[in-house]
Each structure stands twice: as C-alpha cells, then as structure tokens.
Amino acid sequence: MNDDQIFNKLQEMFPNAQCELNYKDPYQLTVAVMLSAQTTDIAVNKVTINLFDQYPNVFALASADIDNLKSIIKTIGLYHNKAKNLIAMAKIVASKFDGKIINDQEVLMSLPGIGRKSANVIRSECFNEATIAVDTHVYRVALRLGYAEKNASLITVERNLMERFDKGKWHSLHHLLIFFGRYHCHAKKPKCESCPFTSICKKDALD
Ligand code: SF4
C-alpha cells in the first residue's frame with residue numbers, strides 16, 4: 001500500500017475530517033488550542049462558549065480576573081496553568097501585537113502555553129499555511145503506519161510526513177490522521193479487526 005492509497009483510504013473512512021474545536025477567529029482558536037492540551041475537544045468546546053462570551057477578544061482576556069477564568073475552565077485538565085498562560089498570552093498579544101494573533105511560527109511559539117504543535121494548528125487553520133501538527137494521535141498513527149521509527153521525535157514525525165506527502169495534502173492529512181487515531185486506531189484498543197491497514201501496520205513500533 002503506497003502513500004496515495006493510504007491517504008485515499010483515510011479520506012474514504014473520514015470524508016468530513018476537520019478541526020473539531022469551535023472557533024470564529026484566530027483569537028478564539030488560539031484560546032481553544034491552548035485549552036486542548038491533555039483534554040478532549042468536546043470538553044474544550046463546552047467551556048469556550050462561556051469564556052468567549054465573557055472575554056470576546058485578546059484585550060478582554062488580558063485584563064481577566066484569574067479566579068473567574070479558572071472557574072470557567074475548571075472542568076478541564078491543568079486549568080490552573082492554562083488560566084495563567086491564557087492571561088499571559090493575551091497580555092503579550094495585546095501589548096506587542098496590537099491584539100492580533102500573528103501568522104509567524106517563532107512569534108506564536110514565544111507565547112506562553114503555545115508550542116510547535118499549537119503554532120502549526122493555528123497557522124494551518126487560520127492562515128491556510130501548509131503545516132502538519134503532530135499531536136498524540138498523529139504521532140501514534142504515523143508510527144503504526146510506518147512513517148517513523150520507534151522513539152522518533154515529534155519533529156522527525158512531522159518532517160517525515162512532510163517529505164512523503166505533497167504540500168497540498170498536509171492540511172487534510174493532519175485531520176485525517178487525527179480522526180483515524182481518535183475514532184479507529186485508538187491508543188489502547190485499536191479496531192484492528194476492521195482496519196484497512198493491517199498489512200502494513202507496525203503496531204510494535206510503540207511497544
Ligand atoms: S491494524 Fe490496528 S494498530 Fe494497526 S493501524 Fe490498524 S487499527 Fe491501528
């Protein structure tokens with residue numbers, strides 16, 4: 001099975017693969033992505049309704065009361081740190097970047113609570129940049145499908161995927177791999193009995 005066949009099969013399985021975080025602008029996606037670490041998108045979407053209502057832009061978030069912010073996001077993991085990072089991020093964006101989320105990898109990664117993966121998601125979703133964000137699903141699935149060796153670093157997985165697939169496919173590939181990992185090739189109980197990739201699977205790569 002070659003790369004095109006894998007891509008096409010994933011598209012067949014998940015024709016509607018897309019970002020599952022709810023957002024309307026780069027500010028909202030940045031907040032949602034920061035909240036999504038070690039938490040499900042569903043849980044994030046539940047808290048952002050109220051959060052965006054109370055803090056509709058970077059300037060409002062920059063002057064947020066941290067205890068109020070914590071009370072809004074307390075149902076998700078790591079909320080103490082996330083609240084701190086959200087306010088710190090907003091203060092920097094408000095003071096240094098005129099309240100705008102900038103399409104610049106280095107600038108995004110310099111903000112509190114935003115790493116390479118989050119910066120890639122923001123640039124891909126909001127600014128149509130060709131990036132592949134490697135989260136836990138993409139990492140697991142990429143190793144099982146043979147795109148990287150055991151113990152590969154996140155950056156190696158990202159680079160390998162970028163080398164193997166045309167740039168025009170990166171955005172879709174990112175979502176397809178996430179959906180495959182989220183809904184089929186689970187970490188603990190993957191649905192191997194109904195998987196089209198059994199002939200190429202390197203499940204042992206994660207052991
Ligand atoms: S065979 Fe199982 S572990 Fe391998 S890719 Fe398919 S679902 Fe994942």
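The C-alpha centres of domain 1 and domain 2 lie 27 Å apart. Domain 1 is made of two stretches, 3-17 and 132-206, while domain 2 covers 26-127; these bounds come from an automatic or database domain assignment. Before going further, keep in mind that you're looking at a predicted model, where local features need pLDDT of at least 70, side-chain atom pairs count only at pLDDT 80 or more, and totals for chains, interfaces and linings use all residues. Residues are numbered from 1 along each chain as its sequence is written, and side-chain values use heavy atoms, with hydrogens and water left out.

So how do the domains meet? Ten residues of domain 1 are in contact with seven residues of domain 2, contact meaning heavy atoms within 4.5 Å. About 630 Å² is buried between domain 1 and domain 2, and carbon and sulfur atoms give 47% of that. Buried area here is the accessible area (1.4 Å probe) that two parts lose on being put together, summed over both. On the domain 1 side, Ala133, Glu158 and His171 lose the most area to domain 2, together 49% of what that side buries.

Now for the charges. Side chains of opposite charge can pair when their charged atoms come close. A salt bridge is counted when a side-chain nitrogen of Lys or Arg is within 4 Å of a carboxyl oxygen of Asp or Glu. The structure holds eight salt bridges, and the count between domain 1 and domain 2 is two.

Take Glu158, which pairs with Arg116 at 2.8 Å between the closest N and O atoms. Glu158 sits in helix α10 and Arg116 in helix α8 (residues 116-127), 42 residues apart. Helices are DSSP runs (H or I, at least four residues), as are strands (E, at least two), and they're numbered from the N terminus. Is Glu158 buried or exposed? It counts as buried, at 5% relative accessibility, whereas Arg116 is partly exposed at 33%. The cut-offs are under 20% relative accessible area for buried, over 50% for exposed, and partly exposed in between (1.4 Å probe, protein chains only).

Another pair is Lys169 and Asp4, whose side chains meet at 3.0 Å, N to O. Lys169 lies in the loop between α10 and α11 (170-183) and Asp4 in helix α1 (residues 3-13), so this bridge ties together parts that are 165 residues apart in sequence. Then there's Glu20 with Arg182, at 2.4 Å, N to O. Glu20 is in the loop between α1 and α2 (26-35) and Arg182 is in helix α11, 162 residues apart. Salt bridges that share partners join Glu20, Asp41 and Arg182 into one network.

Next, look at the backbone. Most residues other than glycine have a negative phi. Leu78 isn't a glycine, yet its phi is positive, about 55°. You'll find Leu78 in the loop between α5 (66-73) and α6 (79-96), partly exposed at 49% relative accessibility. Asn151 also has a positive phi, near 65°. Asn151 lies in the loop between α9 (136-144) and α10 (154-164) and is exposed, with a relative accessible area of 68%.

Finally, which residues are around the ligand? They are Arg144, Phe180, His184, Cys185, Pro190, Lys191, Cys192, Cys195, Thr198, Cys201 and Lys203, where a residue counts as near if one of its heavy atoms lies within 4 Å. By class, this shell has six nonpolar, two polar and three charged residues. Ala, Val, Leu, Ile, Met, Phe, Trp, Tyr, Cys and Pro count as nonpolar, Asp, Glu, Lys and Arg as charged, and the others, Gly among them, as polar.
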